Structures are given as structure tokens and as C-alpha cells.
Amino acid sequence: MTFLRSPQGRAVATIVVLIFFIAVLHNNAEEESYLHSFPLPQRASGRRFAGLRERMALSESAWKKSVQLRGRMAESHPSNPQIPLFPAQSLDQFGKYPYTLWDFFPPTWTCPHDVQRIGRLGDGGKWVCGMSVYESIPIPTTWMRGVPTGGQEGVVIYSFGINGESSFEAEMFERIPSARIWGYDFSVDAWGKQIASKYHDRAFFKKVGVGKTDEPAKSPPFYTLQTLMAQNNHTYMDILKIDVEGSEYVSFDSVMDYFTSAWRGNGDAVLPIGQIMIEIHVGDDQKGIDFKRFRKWWERLESMGMRPTWMEVNLMAMTIPDHKTDPRCTEYVLVNARDGNNVLWQE
Ligand SMILES: *[C@@H]1O[C@H](CO)[C@@H](O)[C@H](O)[C@H]1NC(C)=O
């Protein structure tokens, strides 16, 4: 305190106080803080996020922030809601708005487990959130008498769009002893050759298409996803892998309609699907899909629990010779964060 009573001390104290007030005034004069309106996680200083619930809460707030930013980015676009999917379709705006559809939907919900790429490199491989969790699930004891062709035990996987390439399914069978996979594709007759015969008792293939309504008389027949689940005595699937060349929009519309009307819980309906690996297609063959339609479809999936946790742009649309076009196909991984049955969130 004797320092403060000296003339030098008073001078120093006066300068410190002045700097403080200038800083406060300067701050108030600035615009509202960039992060001011975003929900950020509450955390004690100096602590790291440790438990699964804390990591999920962190992922949730990071995702919520990106949803708000998505809204701002869309609303500040002069063409909103008719935002072009790719800048190449609106050369007048190129430079000012050089973004694609994918930039509005980044995978901001961090998977709180390991993330592994399963299957071959390039087209056909898929990213999986929590592979080690699925691997840890034991073979149901009832399977001693033979693997059942339906029912809920073990890890239930659906695969739509096989296209003769089954390296993802082959690796899932090898690494997850409790996994059974139901596969559907109207364009091929069987799984790809990658699945060894010793796994055939856990693999169920049908030459069937997935669509928005049941068309059993068609050849090959088409069914909705919820009808196929009922045929297999499933009320839940752990993993859904789907690559159906643009039919994903009407297929999920139908699934979301169905499970919304069947919902008996509180609040918004939750999809009975733990994790989705989906190749999303936009472009010439998906004429009805514009930004507005895509955003509505995507945000409905989010409202039913799905959170984007990984993406990989499929560059083949651009790199195949003589086929140069926009990056029209993207692989997304969405996990269901509102889903109480999800083995990924059981501690
Ligand atoms: C579904 O359950 C019914 C009634 O228990 C049974 O008859 C049928 O075989 C089951 N289907 C499959 C695919 O397991």
C-alpha cells in the first residue's frame, strides 16, 4: 500500500484505472459479440469434458450453433429460399456466393466414440460412429440353436442399394459377431462376392426396392422401409446404410410420416434408427430437389433426433472423364442423439 501513496504509485494507479475505463467504453461501442447469441456449453474452467453425457452435450451445443449459422447464411442470401445448389448454376452470383448446398450442412455433432471407415477405400466404404461399441456386443445366447431370420436381438443392420459391392457388409460381419444384415436392391440378384459363406446365416438379401409406398405387384416389388421392418419383426434398427440414387427423399418422407403418426411419446417423434450412413444425391436426376425442399427434409430428420456427425463428398461426379459436373453426391453419417434405445449412448 505504501507504493500507492507515493507520487509514482498514484500515477500508475491512475493510468491503470483510465485504461480500464477506456477498455469498457470501447467494448460497449463495438457491435454485439459474434458468439453472443449462440448456445455454448457450460463448463468449469480448467476441466476437460470427460463422461459420455458431457461429450454429447458439447456435441449438441456445437450442432445447435451450426443450425443457427445455417439459418443466418440462408437468410442473408439474396435468393433465399430459392438458393442455387451449386454456384455453377448461378454464375451471376459466383464470387459473392461461391458455396454449395453442402456448406450449409456441416457435420457438427462430434461422435463421442471412435469413428472408423469400414469397407474398401473409395466408393463403397462407409464411416461408422462407435464401431468399437457395436463390436463389444456379445452373440445372443439364443443363437446357439441357429440364427433367427427376424427379431430384435444383436446388432440390426439394414442395407439399401447393394450394387454388387459388399465390402462394408463383409467387414461388419467379420468384426461384429452379433450383427445381422438385411439387404435390399431391386437392380441386383445377390450380395457382392465379398461376403464369405460362413457369414451367410446372418445375411438376408431380397431383390426388392425401397420407396414411398408398398407396390408388391411390381416386378421386382417395392416396399417402404417401415413395411420391411414389420416383415422382419423389427421395431428398431441400429444401423441403416442407404444409397438409392435419389430415392432417399421420398423413402425418408414416408418413414418420417409413418413414425410421426405412430409416435406415442412426449414431444417430437424420434426415428427408431440409431445411425444412418446415407449417400445423398442432388442434381439433374433429382429434379424436385431444390434448396428449400432439401432443407425442410434435412431439418425434419434433425427434429426426429438425427445429427450429422461425418461427411465425405464423393468427387466421382467431377473426376470421371467426360462427366465433369458439380459435386452432386455426398456421404453423410447421422446419429440419433434423442434415441434412448441407441447402444451408442448406453453407459
Ligand atoms: C415374425 O413373427 C411372427 C410371429 O411370431 C413369426 O410367425 C414370423 O416367422 C416372424 N418373422 C420373421 C422374419 O422372423
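The model is predicted.

The protein contains nine helices and eleven strands. Of its 347 residues, 46% are buried. The accessible surface of the protein amounts to about 18,200 Å², and carbon and sulfur atoms account for 57% of that surface. Sequence and space can also be compared through contacts. Among the contacts in the protein with a separation of 6 or more, 67% are between residues 24 or more positions apart.

The disulfide comes next. A disulfide is a covalent bond between the sulfur atoms of two cysteines. The structure holds one such link, and the residues it joins are Cys111 and Cys129, with a distance of 2.1 Å from S to S. The link of Cys111 and Cys129 is right-handed, with 80° about the S-S bond. Which parts of the protein does this pair tie together? Cys111 belongs to the loop between helix 3 (52–75) and strand 1 (115–118), whereas Cys129 belongs to strand 2 (residues 126–129); the pair therefore ties together parts that are 18 residues apart in sequence. Both ends of the link can be classified by their accessibility. Cys111 counts as buried because its relative accessibility is 8%, which is under the 20% limit. Cys129 is likewise buried, with a relative accessible area of 1%. Another cysteine, Cys329, is buried with a relative accessible area of 17%.

Is Thr100 buried or exposed? With a relative accessible area of 14%, Thr100 is buried. Its contacts, leaving aside neighbours within four places in sequence, are with Leu85, Phe86 and Pro87. Pro81 is also located in the loop between helix 3 and strand 1. The peptide bond that joins Asn80 and Pro81 is cis, with omega of about 5°. A cis peptide bond also joins Ser219 and Pro220, where omega is about -5°. Pro220 lies in the loop between strand 6 (209–210) and strand 7 (222–223).

The discussion now turns to the ligand. Which residues are around the ligand? They are Thr149, Gly150, Gln231 and Asn233. Sorted by class, this shell has four polar residues, no nonpolar residues and no charged residues. A backbone N or O atom of Gly150 is 3.5 Å from an oxygen atom of the ligand. In the case of Asn233, a polar side-chain atom lies 2.2 Å from an oxygen atom of the ligand. On its own, the ligand has 360 Å² of accessible area, and the protein covers 35% of this area.

Pro148 is placed in the loop between helix 4 (131–135) and strand 3 (155–160). Because its relative accessible area is 26%, which falls between the limits of 20% and 50%, Pro148 is classed as partly exposed. Not counting residues up to four places away in sequence, Pro148 touches Trp143, Glu153, Arg180 and Phe204. How far apart in space are Pro148 and Asp201? Although 53 residues separate Pro148 and Asp201 in sequence, the distance between them is 8.6 Å, C-alpha to C-alpha.

Finally, the backbone angle phi draws attention to two residues. Asn163 has a phi near 55°, which is a positive value in a residue other than glycine. Asn163 is situated in the loop between strand 3 and helix 5 (167–175). With a relative accessible area of 61%, Asn163 is exposed. Glu245, which is not a glycine, has a positive phi of about 55°. Glu245 is found in the loop between strand 8 (237–242) and helix 7 (248–261). Its relative accessible area of 51% is over the 50% limit, and Glu245 is therefore exposed.

How values were computed: Residues are numbered from 1 along each chain as its sequence is written. This is a predicted model: local features need pLDDT of at least 70, side-chain atom pairs count only at pLDDT 80 or more; totals for chains, interfaces and linings use all residues. Side-chain values use heavy atoms; hydrogens and water are left out. A residue is near a molecule or strand if one of its heavy atoms lies within 4 Å of it. A polar contact is a pair of N or O atoms within 3.5 Å; within protein, one must be able to donate a hydrogen and the other to accept it, and residues adjacent in sequence count only if both atoms are side-chain atoms. Accessible areas come from the Shrake-Rupley method with a 1.4 Å probe; for residues, only the protein chains shown count as cover. Ala, Val, Leu, Ile, Met, Phe, Trp, Tyr, Cys and Pro count as nonpolar, Asp, Glu, Lys and Arg as charged, and the others, Gly among them, as polar. A disulfide is a pair of cysteine sulfur atoms within 2.5 Å. Helices (H or I, at least four residues) and strands (E, at least two) are DSSP runs, numbered from the N terminus. Buried means under 20% relative accessible area, exposed over 50%, partly exposed in between (1.4 Å probe, protein chains only). Contact means heavy atoms within 4.5 Å.
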